[in-house]
Amino acid sequence: MTELFAMEFFRNAFIMSCILSVLFGILSFFVVMRKMSFLGAGIAHTAFGGVALGIFFGIDPFVSSLAFCVISALLIGKLVRHSSISYDTGIGIFFAFSMALGAIFISLKKSYSFDLMGYLFGNILGVSLTDVLLATGALVLFVPFMYMFLHRILFMTFDEEVALVSGVNTGLLDTVLLVFLASIIVISIKIVGIILVSALVVLPASFGMLFAKDYRKVLLTGILYTIFIMIAGLYLSYFIDTPAGATIVTSGTLLYFTAVVITWGRQKLRG
Amino acid sequence: MDHVIPAIELSGVWIRYGQNVLLEDINLKVEEKEIISIVGPNGSGKSTILKCIMGFKDTFRGSIKVFDRDPKEVQQSGIFGYLPQGNHHDINFPIDVYNVVAMARYSKRGLFEKLKPADRDIINGTLEKVEMADFRKHHFGSLSGGQKQRVLIARALATRPKILILDEPSTGLDAVAQDRFYELLKTLRDSEGLTIVMVSHDIGTVSRFVDRLACVKQRLHFHGRPEDCASNESLAKVFGKNTYFISHDKNCETCMDRK
């Protein structure tokens with residue numbers, strides 16, 4: 001199994017999987033507990049518009065999709081805060097608009113030589129050292145941020161209005177979290193793809209919640225679970241020759257379902 | 001004579017939603033260390049008044065002062081301890097009672113949010129005040145409605161507020177639990193010197209425990225001592241003409257029916 005590390009793309013994908021596991025393990029908890037799971041899918045799909053825009057204007061698709069996703073996430077946040085529109089509605093509007101825009105740009109560009117399927121479903125062969133460095137950059141910024149503001153964010157997640165009157169700057173924290181979420185989603189698209197990345201936003205916390213009743217344990221369980229499914233998915237995809245993103249998400253979901261059945265069975269046995 | 005600054009003062013407050021007037025010319029003064037309940041039927045604008053006091057509403061006409069300052073200015077200063085309406089918390093939220101109360105102290109700390117022994121004393125002290133100290137390791141979602149209310153009161157107190165704002169605090173509590181809860185509020189007012197503003201639609205029970213009642217239905221129809229409300233015709237305007245004000249003692253042994 002170690003011979004796979006001789007290949008640069010696998011080495012990069014392996015390191016990146018570990019970094020993304022920590023990022024999603026933490027982010028997932030706050031997204032799921034704030035009932036914003038659809039936001040992950042929404043932002044990821046918004047990236048499609050960004051990628052197509054980049055291809056159309058000859059900009060690096062990573063840069064254009066990052067800008068597109070961050071701006072969309074902030075606009076969704078602003079829209080929800082300052083109007084009567086719910087998160088689901090705001091996301092639904094941006095989601096469809098961006099996908100439609102992407103389809104128009106792609107069709108206008110008569111000839112293109114990029115891996116559209118790779119963007120949609122992920123392609124570990126395309127994971128470069130630059131991607132690893134970007135993921136490392138996100139880790140270096142995100143983990144200290146969470147360490148410094150964990151309990152304020154927890155308070156905001158539990159009870160936003162009360163957190164505000166208790167001195168938590170909920171508007172600023174919410175904005176920073178949205179920027180992190182959008183950036184981390186865009187960085188992870190190379191591995192798991194636009195369509196599948198939303199699984200990494202919801203699965204870690206959902207799995208952790210099955211086994212832990214304390215937020216610190218949920219975060220830790222979520223991180224360990226994500227590391228396991230990403231590494232196992234990578235190896236499995238290599239040996240059975242399937243797309244890495246799809247293998248990670250399929251095995252992760254099956255593991256989650258197994259855990260659901262086990263916890264359900266244990267509860268039944270206890271009566 | 002010294003001019004005493006009221007804890008809260010609303011002067012000529014109007015709020016509109018489109019063509020509809022939600023609040024009309026509300027003038028209300030709450031003195032420091034007073035317990036006041038704003039009562040009225042559903043949709044009468046009670047909760048909106050609370051939101052205005054805490055600076056959540058920008059679009060109103062008139063003036064609102066909290067200790068002579070703008071609510072937006074003091075909103076994040078920790079002056080308010082707030083218990084929001086209903087039991088909207090996710091029962092699966094993975095957190096214990098101690099950490100729910102601790103949230104209020106973490107937000108007072110600087111970067112890295114390291115709690116000091118004094119913070120722990122405050123957390124444990126407030127849990128004892130609300131008689132929930134024995135439950136500090138319990139999962140918050142597993143508590144009963146009344147126990148949750150007590151924990152959330154402890155969290156509100158842990159910010160060391162000057163004004164406690166409670167939106168329908170008795171929702172989900174049975175009659176005995178309600179009485180205990182309101183008694184607790186009176187004890188806290190006396191021991192902590194708190195000003196307490198709450199919203200309720202249950203005028204009968206709440207009137208036994210508060211210093212002042214404010215009956216609201218779009219307008220402020222009555223503001224005064226609860227005993228003066230019973231004979232006031234404004235009650236019929238707020239709750240309808242078939243409303244009876246039941247004034248009764250703690251065990252309802254000498255219930256007295258007054259129109």
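## Strand 6 of chain B

From strand 6 of chain B, B:Ile163, B:Ile165 and B:Asp167 point one way, while B:Leu164 and B:Leu166 point the other way, and all are buried. The model is a predicted one. In a regular strand the side chains alternate between the two faces of the sheet. Strand 6 of chain B covers residues 163-167, and because five of its five residues are buried, it is largely enclosed by the rest of the structure. Buried here means that 20 or more other C-beta atoms lie within 10 Å of the residue's own.

Strand 6 of chain B has parallel partners in strand 5 and strand 7. Strand 5 of chain B (residues 80-83) is joined to strand 6 of chain B by four bridges, and the two run parallel. In this pairing B:Leu83 stands opposite B:Leu166. Strand 7 of chain B (residues 195-200) is joined to strand 6 of chain B by five bridges, again in parallel. Here B:Leu166 stands opposite B:Met198.

## Helix 6 of chain B

Helix 6 of chain B runs over residues 175-192. Its 18 residues reach 25 Å from the first C-alpha to the last, close to the 26 Å expected at 1.5 Å a residue. After the helix comes B:Gly193, which has a positive phi, near 65 degrees.

Which residues of helix 6 of chain B are buried? They include B:Gln178, B:Phe181, B:Tyr182 and B:Leu188. These residues lie on the same side of helix 6 of chain B because they cover an arc of only 115 degrees around the axis. On the other side of helix 6 of chain B, B:Val176, B:Thr187, B:Asp190 and B:Ser191 are exposed. The cover over the buried residues of helix 6 of chain B includes helix 4 (117-129), helix 5 (145-158) and helix 7 (203-206) of chain B.

## Chain B overall

Chain B has nine helices and 11 strands. Of its 259 residues, 40% count as buried. Among contacts in chain B between residues at least 6 apart in sequence, 64% join residues at least 24 apart.

## Contact between chains A and B

How many residues does each chain bring to the contact? Chain A contributes 23 residues and chain B contributes 24 residues. On the side of chain A that touches chain B, helix 6 (129-158), helix 7 (160-165) and helix 9 (215-240) of chain A each supply at least two residues. Helix 6 of chain A gives the largest share of that side, seven residues. By type, the residues of the side of chain A that touches chain B divide into 15 nonpolar, three polar and five charged.

Note on methods: Residues are numbered from 1 along each chain as its sequence is written. Chains are lettered from A and ligands numbered from 1 in the order in which they are written. This is a predicted model: local features need pLDDT of at least 70, side-chain atom pairs count only at pLDDT 80 or more; totals for chains, interfaces and linings use all residues. Two residues are in contact if their C-beta atoms, placed from the backbone, lie within 7 Å. Ala, Val, Leu, Ile, Met, Phe, Trp, Tyr, Cys and Pro count as nonpolar, Asp, Glu, Lys and Arg as charged, and the others, Gly among them, as polar. The expected span of a helix is 1.5 Å times one less than its number of residues. A residue is buried if 20 or more other C-beta atoms lie within 10 Å of its own, exposed if 12 or fewer, and partly exposed in between; C-beta atoms are placed from the backbone. The arc is that of the directions from the helix axis to the C-beta atoms. Two strands pair if DSSP finds at least two bridges between them.
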